[in-house]
Amino acid sequence: MVVLAASVVGKSGKVLVSRQFVDMSRIRIEGLLAAFPKLVGTGKQHTYVETENVRYVYQPIEALYLLLVTNKQSNILEDLETLRLLSKLVPEYCYSLDEEGIGKNAFELIFAFDEVICLGHKENVTVAQVKQYCEMESHEEKLHKLVLQSKINETKDVMKRKASEIEKSKIDKNRGDKGGFMSMGSGRIESSFSDMSISSSGSGFGSGSGFGLTTDIDSFSTKSKGRQPSAATAPPKGLGMQLGKLQKTNQFLESLKAEGELIVEDVQPKAGQSRVVAAPPTDPVTLTAEEKLNVTLKRDGGMSNFDVQGTLSLQILNQEDGLIQVQIETGGNPGILFKTHPNMNKELFSNENILGLKDPNRPFPTGPAGDAAGVGLLKWRMQSADESMVPLTINCWPSVSGNETYVSIEYEASSMFDLRNVVISVPLPALREAPNVRQIDGEWRYDSRNSILEWSILLIDNSNRSGSMEFVVPPADSSVFFPISVRFSATSTYSDLKVVNIIPLRGGAPPKFSQRTNLITENYQVV
């Protein structure tokens, strides 16, 4: 009773994953697997095929075959039990039962097969035990990571303390000066005293301008359209001479920031700069429809790739709400292909657009409110060659004039979606200082470490379906400014999928539910 190999093959005979449990040459296993599709007949109810030397025990899994190759002396009942266990493991590790899903999780499947079969003999294990064995959690590894993180935090505290001591010594040294120029790293402080007078009523300085502070740091700069960006800001009025304010411009920390080091400071965030984080679900049932967009546009016009992949996931807070079915409504787009999870009732979905488990007595899994993944119910995909489906197009026009390169970039957004948190990242040649942004609709940020200019638009709606930016850099080849990467999100999707109703299987009132819809970019480039 020996299992020679466990494999996942396609209906055409293509081998996706194969694990051998006895010594055999590659030519022999390839020959055995290549002969299998020719032996499988159509319309037969058998799950095994015998040849002169071996026996094939197999089970169809959608468009694939899960196959065991055994010797003819093997107990076929035990082989069928082994095959049944492996058929439960494959969907646990592969979300999509196709070539792409199997290929992405090939090593996880091999590790799981090894836990089930050892030297050709089945181990007495369950699906839960196999998953636990494959996690391979190590207490020593966790302890090592905690110690390492503690050392990193301690080093950062020492660095900040040293930087504070250096800055304090410089302040004490320059306390008696009445003005001057001081520079360090990538930032500069330009301080001047003006209109300094003694008041007649007593001692003190008048209400003239104090310190004019400017700092060249990598941050979003809000500059109005058509206005020449200036490095210096107007001096604050009415502050007088306040030496303590110099602590806000810690030169050493700013120089570390300019080099790309992450410095954590206790600074209150400004309004509009904080990133919106999705709140955890509070309703008993939450359904999330998310689409990921993969688009590749050509710099000279046209499109080489347009792919949308969507998923519908379910989150249930309370266990008593697990026995339900979900009725949905699709937008009727003929280019979208829907595919249910293997545990879903496919006939119920195709006939009535209702998502329910094959076993109606089995509840959906429940999870904590912070579990953002949920349970996958449905997935869909759409591919198109129609350029009108692209939500955002980018045109880049670099031109060299003398010792400078003028780069004009414009965007045009479709009226299908209102785009949020749009960031257009343009690669630049290596620069000694930030580019000269002459005109922009929105905000910009220069990442000096990666030499990338990021153009940010908070919201694109009917008021700003098009916009432009113009900047100047030293002479450079036009290919330097590509590929341009784009990321954004939207609250509507191509599928226009809506949850109509929640059907309780035990009767009674349906639980309260909410639906979240999100469109995000996974890989959106202009090449």
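The model is predicted. I began with β3 and strand β4 (residues 54–61), which pair in the antiparallel sense over three bridges. Within this pairing I looked up Tyr48 and found Val57 of β4 opposite.

Next I traced the sheet. Five strands make up an open sheet with antiparallel pairing, and I read the order as β2-β1-β5-β4-β3. Which strands stand at the edges? They are β2 (15–20) and β3 (48–50). Each has a single partner strand, so one side of each lacks a neighbour in the sheet. I noted an average twist of 15 degrees from one strand to the next.

Then I checked the helices on the sheet. Helix α2 (residues 76–93) packs there and touches β1 (3–10), β3, β4 and β5 (64–71). The direction of α2 makes about 150 degrees with that of β5. Helix α4 (residues 106–116) also packs on the sheet, touching β1, β2 and β5. For α4 I noted about 30 degrees with the direction of β2.

I moved on to the nonpolar cores. The largest has 65 residues. Phe306, Leu392, Ile424, Phe471 and Phe481 touch the most other members. Apart from this core lies another, of 29 residues, including Leu86, Ile102, Ala106 and Val130.

I listed contacts of Leu392, leaving aside neighbours within four places in sequence. Among them are Leu297, Tyr411, Val422, Ile460, Phe488 and Tyr524.

Last, the cysteines. I searched the whole structure for disulfides and got zero. Cys134 has a relative accessible area of 19%, so I count Cys134 as buried, the cut-off being under 20%. Cys396 is buried too, at 11%.

Definitions and conventions: Residues are numbered from 1 along each chain as its sequence is written. This is a predicted model: local features need pLDDT of at least 70, side-chain atom pairs count only at pLDDT 80 or more; totals for chains, interfaces and linings use all residues. Side-chain values use heavy atoms; hydrogens and water are left out. A disulfide is a pair of cysteine sulfur atoms within 2.5 Å. Buried means under 20% relative accessible area, exposed over 50%, partly exposed in between (1.4 Å probe, protein chains only). A nonpolar core is a set of buried Ala, Val, Leu, Ile, Met, Phe, Trp, Tyr and Cys residues joined through side-chain atoms within 4.5 Å. Contact means heavy atoms within 4.5 Å. Two strands pair if DSSP finds at least two bridges between them. Helices (H or I, at least four residues) and strands (E, at least two) are DSSP runs, numbered from the N terminus. Axes are lines fitted to C-alpha atoms, for helices over the stretch in contact, and angles run from 0 to 180 degrees between N-to-C directions.
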